[in-house]
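This briefing accompanies the structure shown below. It treats the chain as a whole first and then turns to selected residues.

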Amino acid sequence: INAEYMGGNVGQANYSTAKAGVVGLTKTIAKEWGGFGVRCNAIAFGYIDTRLTRSKSDGASIEVGGQKVTLGIPGGAPKDFNIDLVPKETLQHVPLQRVGKPEDAAGGVFLLCSPFASYITGHCLEVAGGAGI
């Protein structure tokens with residue numbers, strides 16, 4: 001299962017191009033390896049509330065190669081922000097009218113790994129509350 005992102009933002013042409021390549025790779029692997037019983041799918045996540053989408057000023061970080069890498073986005077939601085209180089106008093492009101939770105993202109991965117998806121391959125599942133439709 002490959003992770004993908006539903007769209008791009010201004011200034012992210014390189015990121016969007018790479019993610020489109022992930023979808024192409026997913027479809028190619030599905031075609032080439034399907035005859036051997038291998039399934040390959042991708043998941044495109046919408047806004048999922050994680051430490052990566054919280055405010056950079058919260059100080060969350062990881063260590064990579066001995067260097068501290070700060071997580072988050074400038075101006076993101078603070079650590080103590082209640083995602084259930086996001087204003088409706090902020091979510092007007094999301095039909096389910098809420099921010100995704102890590103459990104929502106995990107549910108999509110679980111589905112594609114389960115026997116219920118045994119006849120699904122070469123597909124990009126959008127886990128985004130309907131954003132993008």
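A polar contact is a pair of N or O atoms within 3.5 Å; within protein, one must be able to donate a hydrogen and the other to accept it, and residues adjacent in sequence count only if both atoms are side-chain atoms. Under that criterion, the side chain of asparagine 41 reaches the backbone oxygen of isoleucine 120 at 3.1 Å. The model is predicted, so local features need pLDDT of at least 70 and side-chain atom pairs count only at pLDDT 80 or more, while totals for chains, interfaces and linings use all residues. Residues are numbered from 1 along each chain as its sequence is written, and side-chain values use heavy atoms, with hydrogens and water left out.

**Overall architecture**

- The protein chain contains 2 helices and 5 strands, where helices (H or I, at least four residues) and strands (E, at least two) are DSSP runs numbered from the N terminus.
- Read from the N terminus, the elements follow the order β-α-β-β-β-α-β.
- Along the principal axes, the C-alpha atoms fill a box of roughly 50 × 40 × 30 Å.
- Of the contacts (heavy atoms within 4.5 Å) between residues at least 6 apart in sequence, 57% join residues at least 24 apart.

**Surface and charge**

- The chain has 133 residues, of which 27% are buried; buried means under 20% relative accessible area, exposed over 50%, and partly exposed in between (1.4 Å probe, protein chains only).

- Asparagine 41 sits in the loop between α1 (13-33) and β2 (42-45), and is buried at a relative accessible area of 2%.
- A polar atom of the asparagine 41 side chain also lies 3.3 Å from the backbone nitrogen of glycine 122.
- Not counting residues up to four places away in sequence, asparagine 41 touches Ile1, Asn2, Thr26, Leu112, Ile120, Thr121, Gly122 and His123.
- Threonine 26, one of those residues, belongs to helix α1 and is buried with a relative accessible area of 1%.
- The threonine 26 side chain has a polar atom 2.8 Å from the backbone oxygen of valine 22.
- With residues up to four places away in sequence again not counted, threonine 26 touches Asn2, Cys40, Asn41, Ala42, Gly122 and His123.
- Threonine 26 and cysteine 124 are 98 residues apart along the chain, and their C-alpha atoms are separated by 8.3 Å.

**Aromatic pair**

- A search of the whole structure finds 1 aromatic pair.
- The rings of tryptophan 33 and phenylalanine 36 have centres 5.5 Å apart and planes at 50°, so the pair is tilted.
- Rings of Phe, Tyr and Trp (its six-membered ring) pair if their centres lie within 6.5 Å; planes under 30 degrees apart count as stacked, over 60 as edge-to-face and the rest as tilted.
- Tryptophan 33 is partly exposed at 44% relative accessibility, whereas phenylalanine 36 is exposed at 66%.

**Loop residues**

- Glutamine 97 lies in the loop between β4 (67-70) and α2 (102-113), and is partly exposed with a relative accessible area of 27%.
- The phi of glutamine 97 is near 55°, a positive value in a residue other than glycine.
- Most residues other than glycine have a negative phi.
- Asparagine 9 is in the loop between β1 (2-5) and α1, and is partly exposed at 45% relative accessibility.
- Asparagine 9 and glycine 35 are 26 residues apart in sequence, with a C-alpha to C-alpha separation of 37 Å.
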